[in-house]
Amino acid sequence: LENIGAYFNDKQHFDEVNKLINLGCVKCDTDPECQRPPKFTNLAQLKTHYTSKHKVHMCEICLEGRKVFLSEQQLYSRADLERHQAGVPSADIGNALGEASFK
């Protein structure tokens, strides 16, 4: 990762950090049916991919406010995203929006 001045002694650590900072689809990375995970050059392309291919969405408030790597952002179905943004807890996804006091 020369572009950010990071160097690694072993490939495993390099691969782990590289996954965290790259614009990649976490769904395709773990799906055996996706033989070649696509590469994206910007966030808009990744969000379009999530919506069209996987029918999941990212919360815009969480993208701005949660200080986590992009690959660690929560993905929501349309209904779960609406509940999340309304502050309604869910047994599966919790209520990161309400817990983070973004409302």
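## About the model

Because the structure is predicted, local features are reported only at pLDDT of at least 70 and side-chain atom pairs only at pLDDT 80 or more, while totals for chains, interfaces and linings use all residues. Residue numbers start from 1 along each chain as its sequence is written, and side-chain values rest on heavy atoms, with hydrogens and water left out.

## Overall fold

Let's begin with the secondary structure. The protein has six helices and two strands, taken as DSSP runs numbered from the N terminus (helices are H or I of at least four residues, strands are E of at least two). Along the sequence they follow the pattern α-α-α-β-α-β-α-α.

Of the 103 residues in the protein, 26% are buried (under 20% relative accessible area; exposed means over 50% and partly exposed in between, with a 1.4 Å probe and protein chains only). The accessible surface comes to about 7200 Å², and carbon and sulfur atoms account for 50% of that (Shrake-Rupley method, 1.4 Å probe). Among contacts between residues at least 6 apart in sequence, 30% join residues at least 24 apart; a contact means heavy atoms within 4.5 Å.

## The largest pocket

On a 1 Å grid over the protein atoms alone, a pocket is an open set of points with protein on both sides within 12 Å along at least five of seven lines, a cavity is a set where a 1.4 Å probe fits but cannot get out, and lining residues have an atom within 4 Å of a point. Grid points are joined across faces, edges and corners, and a volume is the space filled by probe spheres set on the points.

The largest pocket holds about 290 Å³ of space. Its lining has 13 residues, with K19, N22, G24, D29 and K39 nearest the centre. Helices α1 (11–21) and α2 (26–30) each supply at least two lining residues, and α1 gives the most, with four. By class, the pocket lining divides into four nonpolar, five polar and four charged residues (nonpolar: Ala, Val, Leu, Ile, Met, Phe, Trp, Tyr, Cys and Pro; charged: Asp, Glu, Lys and Arg; polar: the others, Gly among them).

## The cavity

The structure holds one cavity of 30 Å³ or more, and the largest cavity has a volume of about 40 Å³. It is lined by G24, V26, L46, Y50, M58, L70, S71, Q73 and L75. Six of these lining residues are nonpolar and three polar, with no charged residues.

## An aromatic pair

A search of the whole structure finds one aromatic pair. The ring centres of F8 and F14 are 5.8 Å apart and their planes lie at 75°, so the pair is edge-to-face (centres of Phe, Tyr or six-membered Trp rings within 6.5 Å; planes under 30 degrees apart are stacked, over 60 edge-to-face, the rest tilted). F8 is partly exposed because its relative accessible area is 29%, and F14 is partly exposed at 26%.

## Two loop residues

E72 sits in the loop between α4 (60–65) and β2 (75–76) and, at 41% relative accessibility, counts as partly exposed. Beyond its neighbours within four places in sequence, E72 is in contact with L20 and R66. E72 and L20 are 52 residues apart along the chain, yet their C-alpha atoms are separated by 7.8 Å.

K55 lies in the loop between α3 (43–54) and β1 (57–58). Its phi is near 60°, a positive value in a residue other than glycine. K55 counts as exposed, with 56% relative accessibility.
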